[in-house]
Amino acid sequence: MTDNIWTYLMVGITFAIYLGIAIWSRAGSTKDFYVAGGGVSPLANGMATAADWMSAASFLSMAGLISFSGFIGSQYLMGWTGGYVLLALLLAPYLRKFGKFTVPDFIGERYYSQTARVIAVFCALFISFTYVVGQMKGVGVAFARFLEVKFEVGVGIGIVIVLFYTVLGGMKGITYTQVAQYCVLIFAYLVPAIFLSLFATGNPIPQLGLGGQVTDGAWLLDKLDTIHTDLGFKAYTSADVNTVDMFFVTAALMLGTAGLPHVIVRFFTVPRVKDARLSAGYALVFIAILYTTAPAISVFAKTNLISALQDKEYADVPQWFTNWEHTGLLGFEDKNNDGKIQYYNDKNPDMDAVAASNGWKGNELTIDQDIIVLANPEISQLPAWVIALVVAGGLAAALSTAAGLLLVISTSISHDLLKKWLKPNISEKKELLAARLAITVAVIVGGIAGINPPGFVAEVVAFAFGLAAASFFPAIVLGIFSTRVNKEGALAGMLVGIVFTATYILCFSVFKMGGPEDYWFGISPKGIGTLGMIFNLVVTLVVTYLTPAPPVKVQEMVESIRYPKGAGAAQEH
Amino acid sequence: MSQINYKLYWKKNLKYLATLLAVWFIVSFGCGIMFAEELNSIRLGGFKLGFWFAQQGSIFVFVILIFVYVYLMNKLDKEFNLNED
């Protein structure tokens with residue numbers, strides 16, 4: 001019961017802070033609402049971008065994912081950080097100089113085409129919406145598990161909170177709330193990691209602890225490798241993997257990151273071109289703090305978990321085991337009735353002899369990878385307030401990402417669809433009202449979809465990255481670095497990229513029309529966006545050189561965004 | 001006031017980009033993926049080198065790359081009188 005009081009207290013205090021910030025930073029104009037008035041400092045924007053970027057999945061699931069995939073899990077670590085290098089070098093400064101509000105703004109004006117703008121709007125809407133559904137689900141899970149409310153009630157609470165500060169504050173409210181949310185989530189992530197690192201290696205810095213020595217002098221990673229091979233699993237650090245697929249998945253995540261509208265739009269909120277560059281650097285620093293801690297947590301937790309349970313009497317298991325067994329994240333089935341827990345890879349034929357000589361009759365322990373982050377504080381017997389902190393951190397991660405995505409959805413509707421397409425004469429006041437209405441509808445629909453997610457939610461997230469990589473990334477980069485690329489080329493390229501990527505993912509991920517043996521060059525649907533990006537690039541260039549050059553005015557615009565002088569504030573139209 | 005040499009500024013910018021992106025590619029796709037297995041036979045304290053690049057080293061290098069770019073571009077902006085106030 002005392003655990004619950006701590007949780008209510010932590011969640012209550014952090015939510016009160018977010019609401020306070022929302023009231024303090026209300027938005028008065030569309031510019032406040034869309035790009036926070038264009039006056040956010042690079043440091044604050046970096047923090048907000050980091051919170052926006054790191055979702056419930058980064059916070060709760062990533063360390064577990066790596067823990068159970070070993071070396072190949074690096075594709076997520078590199079993929080979700082390396083994209084920021086592309087952002088900083090190839091996109092952020094130029095888009096800031098361009099100085100409008102949204103990604104479809106850029107696509108529409110650079111390719112002087114309403115069709116291109118509309119395609120971009122629908123891509124942005126699709127990408128953001130699939131993402132929001134996952135976040136709302138994350139909020140529901142966190143509430144349901146720790147506050148013992150119903151899952152639906154949890155999502156409902158999430159909807160009300162997000163609604164309050166996004167509708168009130170727009171980008172301005174979101175940005176300053178995200179700064180607070182970053183602080184909460186990073187503190188919540190680091191505290192257990194520091195304890196784990198201290199216990200495992202005596203070094204308080206998890207990044208160093210990962211390469212540290214355990215009490216008997218052996219290297220921690222070597223110890224885990226041995227544990228793995230003894231149980232019939234592949235050595236944790238072994239790089240003997242499908243290199244082609246890992247290459248394509250890493251590239252798709254990087255290119256996708258750099259093409260995600262809710263990330264790009266952050267760089268419209270800083271005052272100057274050089275702030276956009278610096279801000280991308282700060283964002284990556286703040287992201288890297290979590291992303292270099294995650295692989296350390298993966299290793300500490302996996303080592304602890306196996307050492308604590310392997311071949312131990314089921315009757316003697318610690319309390320946390322029983323607690324998590326209730327949630328279904330841990331499962332034990334005594335197949336050989338010896339009363340002990342055996343965890344090993346029963347699919348590895350080499351283990352048959354070992355199992356026979358020990359009287360093992362198959363793996364008896366099932367572990368859900370999410371437990372790696374969630375159960376850490378208990379496994380390491382940390383105080384109750386640390387557990388409460390992890391809950392608050394997970395909620396901060398989910399809410400901050402949901403808010404950023406909702407803003408892209410509302411901007412796409414009120415600005416790109418209404419103002420720039422359907423009703424160009426709409427007044428600013430009405431546009432602002434439309435933006436607020438759009439958020440309200442989006443969050444409620446997103447919440448309902450989060451309660452009843454379509455079965456393929458996990459695949460859809462891969463879809464979002466693939467689509468961002470195959471549609472936006474080449475269109476924006478070519479639009480900046482080539483004055484020659486024209487409307488015809490960009491439209492053809494985007495269509496080919498989107499159709500190819502979508503078809504591949506639908507065939508293999510959603511309709512299961514074939515197994516891994518049917519993949520092209522062994523590339524999984526997660527990595528196909530890279531190939532879609534290459535197709536887009538080639539088609540764009542070929543079609544461009546077969547058709548006339550863009551108007552001189554557009555070429556001059558491209559020239560002008562290359563030089564930082566006179567970037568000014570985000571312009572009114 | 002002298003004429004700003006936009007062409008040269010852009011050329012230098014592209015040169016920086018090419019160099020920095022080459023490093024970006026080599027540490028992640030090179031050391032972290034394509035040659036990770038070979039690099040794993042080299043040790044860096046408790047780490048095998050390929051594994052270290054894939055899970056830590058590449059991320060550190062990414063951060064450094066952006067700050068090097070910020071520094072180079074700020075210098076270039078000043079040199080070509082394109083510095084914002």
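## A tour of chains A and B

Select residues 567–573 of chain A to begin: pLDDT stays under 50 over this stretch, for which the model has 17 contacts beyond four places in sequence. Keep in mind throughout that this is a predicted model.

Now colour the whole of chain A by confidence. The average pLDDT is 88, and 96% of the residues score at least 70. Which helices mark the two ends of the scale in chain A? Confidence is lowest in α20 (residues 457–470), with a mean of 77, and highest in α23 (residues 528–546), at 96.

**Where the chains meet**

Next, show the contact between the chains, to which chain A gives 42 residues and chain B gives 38 residues. On the side of chain A that touches chain B, look for α5 (74–98), α10 (220–230), α11 (243–259) and α13 (273–309), each of which supplies at least two residues. Highlight α13(A) in particular: its twelve residues are the largest share of that side.

**Two loops and a helix in chain A**

Follow chain A into the loop between α13 and α14 (319–327), and pick Asp311(A). Its phi is near 60 degrees, a positive value in a residue other than glycine.

With 9 other C-beta atoms within 10 Å, Phe521(A) is exposed.

Then select α15 of chain A, residues 351–358. Of its eight residues, the number buried is zero, so the helix lies largely in the open. Step on to Gly359(A), which follows α15(A) and has a positive phi, near 75 degrees.

**A helix pair in chain B**

Finish in chain B with α1 (residues 6–34) and α3 (residues 49–79). How do these two helices run relative to each other? Their axes come within 8 Å and cross at roughly 170 degrees, which makes α1(B) roughly antiparallel to α3(B). To see the contact, show side chains on α1(B), including Tyr9(B), Tyr16(B), Leu20(B), Trp24(B) and Val27(B).

Methods
Residues are numbered from 1 along each chain as its sequence is written. Chains are lettered from A and ligands numbered from 1 in the order in which they are written. This is a predicted model: local features need pLDDT of at least 70, side-chain atom pairs count only at pLDDT 80 or more; totals for chains, interfaces and linings use all residues. Two residues are in contact if their C-beta atoms, placed from the backbone, lie within 7 Å. Helices (H or I, at least four residues) and strands (E, at least two) are DSSP runs, numbered from the N terminus. A residue is buried if 20 or more other C-beta atoms lie within 10 Å of its own, exposed if 12 or fewer, and partly exposed in between; C-beta atoms are placed from the backbone. pLDDT is the predictor's confidence in each residue, from 0 to 100. Axes are lines fitted to C-alpha atoms, for helices over the stretch in contact, and angles run from 0 to 180 degrees between N-to-C directions. Angles under 35 degrees count as roughly parallel, over 145 as roughly antiparallel, 65 to 115 as roughly perpendicular and the rest as oblique.
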